[in-house]
4 protein chains.
Amino acid sequence: MIKVGIVGGTGYTGVELLRILVNHPDVSLEVITSRSEDGLRVDEMFPNLRGHTDLKFSVPDAKTLGDCDVVFFATPHGVAHALAEEVLNAGARVIDLSADFRIADADEWEKWYKQPHGARELLPEAVYGLPEVNREQIKTARLIAVPGCYPTSVQLGFIPLLEKGLLEPQMLIADCKSAVSGAGRGASVGTLLCESSESMNAYAVAGHRHLPEIRQGLSRAAGGKAIELTFVPHLTPMIRGIHSTLYARIPNLDVDLQALFEARYADEPFVDVMPAGSHPATRSVKGSNTCRLAIHYHKDTGQLIILSVIDNLVKGASGQAVQNMNIMFGLDEDAGLRQVALMP
Amino acid sequence: MIKVGIVGGTGYTGVELLRILVNHPDVSLEVITSRSEDGLRVDEMFPNLRGHTDLKFSVPDAKTLGDCDVVFFATPHGVAHALAEEVLNAGARVIDLSADFRIADADEWEKWYKQPHGARELLPEAVYGLPEVNREQIKTARLIAVPGCYPTSVQLGFIPLLEKGLLEPQMLIADCKSAVSGAGRGASVGTLLCESSESMNAYAVAGHRHLPEIRQGLSRAAGGKAIELTFVPHLTPMIRGIHSTLYARIPNLDVDLQALFEARYADEPFVDVMPAGSHPATRSVKGSNTCRLAIHYHKDTGQLIILSVIDNLVKGASGQAVQNMNIMFGLDEDAGLRQVALMP
Amino acid sequence: MIKVGIVGGTGYTGVELLRILVNHPDVSLEVITSRSEDGLRVDEMFPNLRGHTDLKFSVPDAKTLGDCDVVFFATPHGVAHALAEEVLNAGARVIDLSADFRIADADEWEKWYKQPHGARELLPEAVYGLPEVNREQIKTARLIAVPGCYPTSVQLGFIPLLEKGLLEPQMLIADCKSAVSGAGRGASVGTLLCESSESMNAYAVAGHRHLPEIRQGLSRAAGGKAIELTFVPHLTPMIRGIHSTLYARIPNLDVDLQALFEARYADEPFVDVMPAGSHPATRSVKGSNTCRLAIHYHKDTGQLIILSVIDNLVKGASGQAVQNMNIMFGLDEDAGLRQVALMP
Amino acid sequence: MIKVGIVGGTGYTGVELLRILVNHPDVSLEVITSRSEDGLRVDEMFPNLRGHTDLKFSVPDAKTLGDCDVVFFATPHGVAHALAEEVLNAGARVIDLSADFRIADADEWEKWYKQPHGARELLPEAVYGLPEVNREQIKTARLIAVPGCYPTSVQLGFIPLLEKGLLEPQMLIADCKSAVSGAGRGASVGTLLCESSESMNAYAVAGHRHLPEIRQGLSRAAGGKAIELTFVPHLTPMIRGIHSTLYARIPNLDVDLQALFEARYADEPFVDVMPAGSHPATRSVKGSNTCRLAIHYHKDTGQLIILSVIDNLVKGASGQAVQNMNIMFGLDEDAGLRQVALMP
């Protein structure tokens, strides 16, 4: 059994990790930390876990965490920097769900997250945990930066084209619609039911923190070429799900895109290329670790439209984190992740 | 492996059975029928199942169904009567999710369902599949009538009191709030998102088909005494969940109700008596087979209030059906049913 | 034109007052206060008001407020006590939407609101602003206590029976389902979309602050008799609306209840007794000042079930407040309140 | 008083017309037709209208309709063609909310709507009822084609640029998110609450019927130049609202777009250009006839992003229809349309 610790388990990615891990056949949950909830039973905060775990929140402690085989960080940005190093030094591997190690360029990170980067020396060994791209490096990594939710859905849609050099370093557009859980479990007026249900709006059109992360991933897929990307996130009145509508122009294309995507993801357990003409709905992945893609190409105009849906809390966060763990420890990649999406 | 067939798999209880059964460790799904969808891949209708099953819908056929070990009927009322007999005769056991065998009195059934009862001769052997009451009979039953959603939530709340003779044959009240999926997957104006979201209303106050079923169950728990019950169902703007608020008066009670309930359900894997003072939310059981109960007693007035929540599609239908199957075939009672509720 | 001021305009009852008053033909909005938002344009916080008002929030000031003809208090409990007196002394009339003057017994108020009552001397002249009961006193009142949302829906349902002496001083039950806006616009985890949508739960079963207010109103209607009432509020996943399901037993009733209710409310502009057998939906009053009632009586058991729906922010708060103002100033009672409910 | 008739009043645009017209100060509602509901009181189908109208549905009759000053058609596509001519000949003016007269090219119409055009001879005099473009022609028109919901939101966003020649005949993108009421009130599985809430999906990516209408409008604004437009509609889990996110590239722009838009719409009562940097939410127009726009320009890439929100049933249908009527009859353009959006 793999001994697992979780740092910061009171948010949505934390409870989602718990939901998955309490039923994972190869995992022993050892510790879950929260400074503010020290001593509280986890299932008192999250009654869906009643009967599944007896764990209590405790104050984070590098020694206890270091005794784990792997520690998940489900903390706000900036928190993992310091503690991750201690935990790594104590011998555990680290899977960080925050943005702390996603951007390779620490200066760029500081610009977007408006705080000093607290662990620049760890950046070189941090592996960007998108299994569809970095599976080999993940196997041996000590430190994983789990991709963000928007970046996962956008990269999985564009990467097959960029890898093949089919997109010029031109303007790509990602019009992304996110469920409200993407904003986290913190009390705020904007995400109250009365404010965010029965409504839709774009936000952060001037620039969102996931933009540099997406650009970095797309650029890597394009062999280092710079990518021009317009990214417009929208708040959508639902609990879970991201729907990314991706636009690019490829005039006079003579490649079978459907076949290209199907080949690219043929061996991927969690990417489902739907039949040509499909319109995946976010509910088809609710609670599951799957990304569903559909490819549409308008021959007359050369316009390509890619539809990409994930559950932001699973493939966009905690499920992908567990997928990384499975790869790191040589388990079946879908261990603990075979749940069917809840529909309806 | 237990060979399983499903009759009528295109509704919500059908797809929910599939969601559970494709991951059940002891089940081999052999056949799923639908006259209207003959030949269609199941995952084409329900894309959440892509990658989980290759089954296609087929026309129901007693021979094929009879070769199964057990056949689930997820059909509208009145359909199971005729076919169930054929399937039983062909050697399979039957678990019926419809109302066809729930009411022991065929005349009463005909009065509420406004059609002739098509299988009166099977009624004596039909076992009402509420495991918390009839576990022993379920083990050897050939024919199970899976309880309705409202009846499950109401009976689990009242039964411990009735079994102990704590309630006089007096007026009990069940004020029940159901999610919209309880109305099924048929196209109808009343359950359109634009009609049923952002609103709440009672319905069938003059009399609902689940009333005789609930009365029958409560009366049995009371040792045959007649029960006066007022049952008011409400349509609630959500996909899944039933919240039953149960009222009874027991002046001058000197019993520790909390202890009584905890003892009654101590060994039940799917009934969770919450701590005194709790208010269970339906989302705490979303996608899970659990019924959560909370007991409130107002000493000054003698008013008892019991809160009972289930997922109407799981403990209220398909999950309970699988729980019955597990008991019938000597499997772990929670095999395939260990999923944690999806929260948020 | 009636000069109007609003104290505390940043919550849901505040913006709802504004929505109604900016189109009221006889009103001139003079001032709206908020300490925290001093100087901010109202339509910057509430963009639905863009084009309808140029008002800015200002710090409350007794002089400015006193120059108004009437001042609405849309403040949290405890705030109106001190300022209301100043404003009254300065010559304005006061319509208080908070609970500060609803309970005639200050000790009772302190018990439930857990703070000292700050204006006991004003209680004798405070008129409980339920027009269907107190229209005459409202006309000349200086100080109106606008009823709470639950109390409005429950009282309008029970009062016709109590006035006629048809209910014994027995146990009445009010099972009430409220939209989330009833919890206000404050940031809190429990009313986040991700916490309160797709779920339902009871709360405060042990005792809710609206209980003494409802009991007081029912008792008055019963000529002073004490009322035993069980009140269970539920949080319902929608923005607006209250659905109260009221239970009482009247064995051997020989009164035509439908006719009784129709007669009682025949001249009421905002109470709609629906045809016998109806099931009013909350959406039928969304955005309107109407209370719709339906009466159901089960002859065999003597059980009476009354369904009562309102928009908690309109008839349950701001609309009722404006109705009071119209009565106080001799305007048409429905001036500014003729909006049809938004459906769908 | 203007005598008004409505043909086909049982859908969402019908009841929305009624909601607006029963409070319109200059309108007398004479007749509302529905073949299927002949004789039924309108408020029995739509209880929000109880107390506001005594009208009953009747079978459409050209004579009765012809006696009106104006007749609204709220019918499915193809129905207005035949009857409109009769009504016009009988002397009434016609405002058609369907698509029947929106496309000037009847062959194009037939291609998209897959039926013969039944009134080609009326097309030359049909005026496209977008007041912000065609106010003068509307004044004297006998026959108005009210724009579709998507087309209204997209055209109001792009038109100021096209009129100024700022956009080359290049690829424009309209990524549009529509509430479910856009799909109408007909019973269908896809728009059940359980199918369409808690989910999002694109649809008709290969081509949607509103595409030719939008292209026609944009092309006219561009002085007849052909427009390349990619239009991707999405189904969004809410009752009302359209959020259109519009993309265009204008490298090296030296025009102040904010000022351009503000000037273009300065005198428009129902177009609100929000301050630079804004993100309008659809709820800010819920129930109101306003279109809110926000302009974002990324200097470094030349990417222009325009956000445009409307209530699809008001400015996208029935409100715009009434706005047309007001213009046609010389009334205040906002008569009956001054309602503030319902927020929350």
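Modeller: Let's start with a term. A polar contact is a pair of N or O atoms within 3.5 Å; within protein, one has to be able to donate a hydrogen and the other to accept it, and residues adjacent in sequence count only if both atoms are side-chain atoms. With that rule, 28 residue pairs are in polar contact across the interface of chain C and chain B, both residues being at pLDDT 80 or more.

Keep in mind that this is a predicted model: local features need pLDDT of at least 70, side-chain atom pairs count only at pLDDT 80 or more, and totals for chains, interfaces and linings use all residues. Residues are numbered from 1 along each chain as its sequence is written, chains are lettered from A and ligands numbered from 1 in the order in which they are written, and side-chain values use heavy atoms, with hydrogens and water left out.

Which elements does chain C bring? Those giving two or more residues to its side include strand S8 (171–178), helix H8 (193–196), strand S10 (228–235) and strand S11 (242–249) of chain C. (Helices, H or I with at least four residues, and strands, E with at least two, are DSSP runs numbered from the N terminus.) Sorted by class, that side has 19 nonpolar, 13 polar and 9 charged residues. Here Ala, Val, Leu, Ile, Met, Phe, Trp, Tyr, Cys and Pro count as nonpolar, Asp, Glu, Lys and Arg as charged, and the others, Gly among them, as polar.

On to charges: the rule finds 6 salt bridges across this interface, each a side-chain nitrogen of Lys or Arg within 4 Å of a carboxyl oxygen of Asp or Glu. In one of them, Glu228(C) pairs with Arg249(B), and their closest N and O atoms are 3.6 Å apart.

How much area is buried? About 3,500 Å² between chain C and chain B, with carbon and sulfur atoms giving 58%; this is the accessible area (1.4 Å probe) that two parts lose on being put together, summed over both. Glu198(C), Met200(C) and Val205(C) supply 18% of what chain C buries against chain B, more than any other three residues. In contact terms (heavy atoms within 4.5 Å), 41 residues from chain C meet 41 residues from chain B.

Finally, zoom in on Asn201(B), in strand S9 (residues 201–202) of chain B. Asn201(B) counts as buried because its relative accessibility is 17%, and buried means under 20% (exposed is over 50%, partly exposed in between; 1.4 Å probe, protein chains only). Beyond its neighbours within four places in sequence, Asn201(B) touches His234(B) and Leu235(B), and also His243(C), His279(C), Pro280(C) and Ala281(C).
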